[in-house]
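Thank you all for coming.

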Amino acid sequence: MARSTSLLIRSLLFNALFYANLAIHMVVALPAFLLPYRVLLAFIRSYARTSLWLLRVVCGIKVEWRGVEKIPSGACIIACKHQSAWETFALYAVLRDPAYILKRELMWIPLFGWYTWKAGLIPVNREAGLAALSRMTTRARQELARARQIVIFPEGTRRPPGAEPIYKPGIAYLYSKADVACVPLALNSGLFWPRRSLRRVPGTIVVEAIEPIAPGLDRKAFSARLENVLEEATARLVAEAGIRESGIRDQGSTHLDT
């Protein structure tokens with residue numbers, strides 16, 4: 001009971017500080033609308049890093065980045081597993097210049113949406129079918145021409161750890177038109193920042209970049225390869241976290257027994 005109460009209090013405190021941090025950064029960054037994009041990028045990166053710091057200090061959630069040296073510093077596609085809201089901001093802490101693909105409704109939010117526009121993020125209308133894919137790809141190619149990294153969630157929405165994967169056609173369509181490498185990015189964030197929950201569970205979020213998939217594959221071959229490597233790596237990270245947390249609990253129990 002005491003542990004559950006502590007978890008709840010720490011989670012609520014973090015959420016309050018997290019959104020306060022977001023609000024403060026958005027207000028302080030207002031002059032960036034009149035300044036070059038790089039100024040806004042510095043504010044976004046500051047927000048991501050301070051949020052990760054709060055997560056570690058308040059909730060006891062650390063982050064381990066693996067294989068990030070495999071991510072090209074220039075134009076590429078990053079196909080990121082999507083388990084929680086965590087990866088929607090955290091990647092700014094390590095990527096040079098990411099451009100997320102996001103649902104267009106987020107760009108309608110006052111102030112927040114204006115920042116997504118200034119940051120050059122790419123909206124997609126999920127209801128528009130092939131026309132939406134075409135517009136999304138055109139915008140993505142413009143950002144790739146600026147040597148940016150396009151971040152896309154292949155399943156389109158958050159999926160809990162262990163859920164049956166449902167990959168959308170957008171990632172294969174973008175890959176076929178972009179002529180750049182695609183880096184699969186596996187993670188286990190949903191174990192510690194569950195979707196549709198205020199709980200923040202102590203532990204270590206692990207993010208792992210997998211060997212890039214070179215351009216040139218046909219869509220079917222690319223889709224099969226992406227899903228295979230991304231799901232295998234994600235399942236491994238989820239299982240590894242379970243073993244790690246079990247070991248920590250066992251150590252704690254041993255110390256109490258002695």
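Is Cys 80 buried or exposed? Cys 80 is buried, with a relative accessible area of 0%, where buried means under 20% relative accessible area, exposed over 50% and partly exposed in between, using a 1.4 Å probe and protein chains only. Please keep in mind that this is a predicted model, in which local features need pLDDT of at least 70 and side-chain atom pairs count only at pLDDT 80 or more, while totals for chains, interfaces and linings use all residues. Residues are numbered from 1 along each chain as its sequence is written, and side-chain values use heavy atoms, with hydrogens and water left out.

A search of the whole structure for disulfides, that is, pairs of cysteine sulfur atoms within 2.5 Å, finds 0. For Cys 80, the nearest cysteine sulfur belongs to Cys 182 and is 11 Å away. Cys 182 also counts as buried, at 0% relative accessibility, and its nearest cysteine sulfur, that of Cys 76, is 8.2 Å away.

Turning to the asparagine, Asn 15 is buried at 7% relative accessibility, and its side chain is joined to that of Arg 200 by a polar contact of 3.0 Å (a pair of N or O atoms within 3.5 Å, where, within protein, one must be able to donate a hydrogen and the other to accept it, and residues adjacent in sequence count only if both atoms are side-chain atoms).

Finally, the largest pocket holds about 1500 Å³ of space, a pocket being an open set of points on a 1 Å grid over the protein atoms alone, where a 1.4 Å probe fits, with protein on both sides within 12 Å along at least five of seven lines, and lining residues having an atom within 4 Å of a point; the volume is the space filled by probe spheres set on the points, which are joined across faces, edges and corners. Of its 48 lining residues, those closest to the centre are Thr 88, Leu 102, Lys 103, Leu 106 and Phe 153.
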